[in-house]
Amino acid sequence: MDWFLERARALGVEHRPPAPLLLGRHLLALGLRPGPRVGDILKAIYEQQLDGKVTTVDEAIAAARLMLDGA
């Protein structure tokens, strides 16, 4: 339990979840049209952020590009 609390404090998420790095405006700038796909990608990238796979806005945008290229 102590490890978990220390980790939450270190990540700055002790009292609330972290703000998403990737926003809808980033996806629109990549040429994606508004719609449900925007939400799907935002959710997937946020999950990667929570898992520690994405740690910066640039990494989040790159991950989104990969998703768009694979679609």
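Reader: Is Gln49 buried or exposed?
Author: Gln49 has 13% relative accessibility, so Gln49 counts as buried (under 20% relative accessible area, 1.4 Å probe, protein chains only; exposed is over 50%, partly exposed in between). This is a predicted model: local features need pLDDT of at least 70, side-chain atom pairs count only at pLDDT 80 or more, and totals for chains, interfaces and linings use all residues. Residues are numbered from 1 along each chain as its sequence is written, and side-chain values use heavy atoms, leaving out hydrogens and water.

Reader: What does Gln49 touch?
Author: Pro18, Ala19, Pro20, Leu21 and Val54, not counting residues up to four places away in sequence. Contact means heavy atoms within 4.5 Å.

Reader: Which helix is Gln49 in?
Author: Helix α3. Helices are DSSP runs of H or I, at least four residues, numbered from the N terminus.

Reader: How do α3 and α4 pack?
Author: At an angle of about 130 degrees, with their axes 10 Å apart. Axes are lines fitted to C-alpha atoms over the stretch in contact, and angles run from 0 to 180 degrees between N-to-C directions.

Reader: Which residues meet there?
Author: Arg37, Ile41, Ala44, Ile45 and Gln48 in α3 meet Ala60, Ala63, Ala64, Met67 and Leu68 in α4.

Reader: New topic. How many residues has the largest nonpolar core?
Author: Eleven, including Leu22, Leu27, Ile41 and Ala64. A nonpolar core is a set of buried Ala, Val, Leu, Ile, Met, Phe, Trp, Tyr and Cys residues joined through side-chain atoms within 4.5 Å.

Reader: Which element gives the most to this core?
Author: α4, with four residues.

Definitions and conventions
Helices (H or I, at least four residues) and strands (E, at least two) are DSSP runs, numbered from the N terminus.
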